[in-house]
Amino acid sequence: MSANIALVDDDRNILTSVSIAMQAEGFVTRIYADGETALKALFENPADLGIFDIKMPRMDGLELLRRLREKSDMPVIFLTSKDEELDEALGLAMGADDYITKPFSQRLLIARVKAILRRASYDKAAGNGEAEPEPEPMVRGKLEMDPARHHVKWDGSSLTLTVTEFMILEALANRPGVVRTRDQLMDAAYQDDVYVDDRTIDSHIKRLRRKFREIDPEFTAIDTLYGAGYRFADS
């Protein structure tokens, strides 16, 4: 059965274009122009995943997520503007699964939706005892990663990462000391033949380092090898 996607944005053009792109991929879409209307509808008829704008009248995306989390663990992707980093961080801390910065590629958004739905499907199957054996947690020095639960710790402290950040970190930590090119990291993080430019990977690496340094100012485990790529050092 096709996944049901709730789109919430006060920009009619975005609602229309995203809805058309999602339907072309076989998803069923429901569109809402404000958070209040969406909240009432989602309480009555939950969706499989939500795509929420942050800045909206009547009820913004953050408040919509906060109210929704009282009764639902539905995966949520935020659409944000480039100047909304604080809102992004707050949204992730409240339980959002990922965010995408406007303007965005429809193919990139679809790839994120598919990745999150795959993870949600695995989590549901695991909860019902139907999933394949879970991948073992990974330990690399101070780093602990649990791919099945999307949990990350550094020296015992938890971090909140987006799906994209998690996949990039996992690709680096899987083979510590080995240089990963930007193309390899793109393949690991985006899959589905989605094009992104080099600067996108660089931006995610910058965000990863910042998150680690918020809990460990001496963090240096992600190395840059100029002209080659990045590597994870667990020593």
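In which sense do β3 and strand β4 pair, and over how many bridges? I looked this up to start: β3 and β4 (residues 76-80) pair in the parallel sense over 4 bridges. My rule for pairing is that DSSP finds at least two bridges between the two strands.

**Ground rules**

I am working on a predicted model, where local features need pLDDT of at least 70 and side-chain atom pairs count only at pLDDT 80 or more, while totals for chains, interfaces and linings use all residues. Residues are numbered from 1 along each chain as its sequence is written, and side-chain values use heavy atoms, with hydrogens and water left out. For helices I take DSSP runs of H or I with at least four residues, for strands runs of E with at least two, numbered from the N terminus.

**Whole chain**

I counted 8 helices and 11 strands. Of the 235 residues, 47% came out as buried (buried is under 20% relative accessible area, exposed over 50%, partly exposed in between, with a 1.4 Å probe and protein chains only). I also looked at contacts (heavy atoms within 4.5 Å). Among those between residues at least 6 apart in sequence, 58% join residues at least 24 apart.

**Strand β3**

I went back to β3, residues 49-53, and found 5 of its 5 residues buried. Leu49, Ile51 and Asp53 sit on one side and Gly50 and Phe52 on the other, so I checked both faces, and both are covered.

For neighbours, I noted that strand β1 (residues 4-8) runs parallel to β3 and is joined to it by 4 bridges. Ile5 has Leu49 as its bridge partner in β3. Towards β4, the partner of Gly50 is Val76.

In the loop between β3 and α3 I stopped at Arg58. Phi of Arg58 is near 70°, a positive value in a residue other than glycine. Arg58 counts as exposed, at 60% relative accessibility.

**Cavity**

Rolling a probe the size of a water molecule over the atoms shows where empty space is left. My cavity is a set of points, on a 1 Å grid over the protein atoms alone, where a 1.4 Å probe fits but cannot get out; lining residues have an atom within 4 Å of a point. Grid points are joined across faces, edges and corners, and the volume is the space filled by probe spheres set on the points.

I got 1 cavity of 30 Å³ or more. The largest cavity holds about 40 Å³ of space. Its lining is Leu7, Val8, Asp9, Ile14, Leu15, Val18, Ile51 and Leu79. β1 and α1 (12-24) each supply at least two lining residues, and α1 gives the largest share, 3 residues. By class I read 7 nonpolar, no polar and 1 charged (Ala, Val, Leu, Ile, Met, Phe, Trp, Tyr, Cys and Pro are nonpolar, Asp, Glu, Lys and Arg charged, and the others, Gly among them, polar).

Strand β7 (residues 143-146) pairs with β8 in the antiparallel sense over 4 bridges, and Asp146 stands opposite His151. The hairpin of β7 and β8 has 4 residues between the strands, and there His150 takes a positive phi near 60°.

On the other pairing, 3 bridges join β8 to β9, again antiparallel, and Val152 has Leu159 as its partner. This hairpin has 2 residues between the strands, with Asp155 at a positive phi near 55°. Asp155 is exposed, with a relative accessible area of 54%.

I looked at Met138 in strand β6 (residues 138-140). Met138 is buried at 8% relative accessible area, and the residues it touches include Leu143, Met145 and Ala173, not counting those up to four places away in sequence.

Last, I found a cis peptide bond between Lys102 and Pro103, omega about -10°. Pro103 lies in the loop between β5 (98-101) and α5 (106-127).

Key: 1 Å grid on protein atoms, 1.4 Å probe; cavity = no way out; pocket = protein on both sides within 12 Å on 5 of 7 lines; lining within 4 Å.
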